[in-house]
Amino acid sequence: GPFTLSLQPNHQIFRNFIGHLDRNGRGSGSVTIPALPVLRGYSLYFSGITLRPGPSIQTVPPWVRILLR
């Protein structure tokens, strides 16, 4: 599914979804949404996790909703 795709490095749709944070604790990723009329009105939800060495989950930030128009 989409979650598994987002973990693949250099995926065509999900870019930079896995990696390291900078010194300020920030990271960024991008999503390329095809311009297909059938996708209008759909909502996409995104969140993330940060891991401690081990690995164990350190934080889970709040989700963000994106409405496709």
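Is Val-31 buried, partly exposed or exposed, and what is its relative accessible area? Val-31 is partly exposed, with a relative accessible area of 31%, where buried means under 20% relative accessible area, exposed means over 50%, and partly exposed lies in between (1.4 Å probe, protein chains only). The views below come from a predicted model, in which local features need pLDDT of at least 70 and side-chain atom pairs count only at pLDDT 80 or more, while totals for chains, interfaces and linings use all residues. Residues are numbered from 1 along each chain as its sequence is written, and side-chain values use heavy atoms, with hydrogens and water left out.

**View 1. A nonpolar patch on the surface includes Val-31 and Phe-17.** Val-31 is found in strand S2; helices (H or I, at least four residues) and strands (E, at least two) are DSSP runs, numbered from the N terminus. Together with Ile-13, Phe-17 and Ile-33, Val-31 forms a patch with about 260 Å² of accessible area. Such patches are made of residues with over 30% relative accessible area and no salt bridge, with like charges joined within 9 Å and nonpolar side chains (Val, Leu, Ile, Met, Phe, Trp, Tyr) within 5 Å. A salt bridge here is a side-chain nitrogen of Lys or Arg within 4 Å of a carboxyl oxygen of Asp or Glu. Accessible areas come from the Shrake-Rupley method with a 1.4 Å probe, and for residues only the protein chains shown count as cover.

**View 2. Phe-17 and Phe-46 form an edge-to-face aromatic pair.** A search of the whole structure finds 3 aromatic pairs, a pair being rings of Phe, Tyr and Trp (its six-membered ring) whose centres lie within 6.5 Å, with planes under 30 degrees apart counted as stacked, over 60 as edge-to-face and the rest as tilted. The ring centres of Phe-17 and Phe-46 are 6.1 Å apart and their planes stand at 65 degrees, so the pair is edge-to-face. Because Phe-17 lies in the loop between strand S1 (14-15) and strand S2 (30-31) and Phe-46 in strand S3 (residues 43-46), the pair ties together parts that are 29 residues apart in sequence. Phe-17 is partly exposed, with a relative accessible area of 32%, and one aromatic cluster is formed by Phe-14, Phe-17 and Phe-46.

**View 3. Tyr-45 and Trp-63 form another edge-to-face pair.** Their ring centres are 5.3 Å apart and their planes are at 70 degrees, so this pair is edge-to-face. It links distant parts of the chain, with Tyr-45 in strand S3 and Trp-63, 18 residues apart from it, in the loop between strand S5 (56-59) and strand S6 (64-67). Trp-63 counts as exposed, at 57% relative accessibility. Thr-59, which is found in strand S5, is 14 residues from Tyr-45 in sequence and 17 Å from it in space, C-alpha to C-alpha.

**View 4. The backbone has a cis peptide bond at Gly-54 and Pro-55 and a positive phi at Asn-16.** The bond that joins Gly-54 and Pro-55 is cis, with omega about -15 degrees, and Pro-55 is found in the loop between strand S4 (50-52) and S5. Asn-16, a residue other than glycine, has a phi near 60 degrees; Asn-16 is placed in the loop between S1 and S2 and counts as exposed at 55% relative accessibility.

**View 5. The largest pocket holds about 1400 Å³ of space.** On a 1 Å grid over the protein atoms alone, a pocket is an open set of points where a 1.4 Å probe fits, with protein on both sides within 12 Å along at least five of seven lines, and lining residues have an atom within 4 Å of a point. Grid points are joined across faces, edges and corners, and a volume is the space filled by probe spheres set on the points. Of the 37 residues that line the largest pocket, Phe-17, Ile-18, Ser-47, Gly-48 and Ile-49 are the closest to its centre. Helix H1 (2-6), S2, S3 and S4 each supply at least two residues of this lining, and H1 gives the most, with 4 residues.

**View 6. Gln-8 lies in the loop between H1 and S1.** Gln-8 is partly exposed, with a relative accessible area of 37%. The C-alpha atoms of Gln-8 and Ile-18 are separated by 7.8 Å, although these residues are 10 residues apart along the chain.
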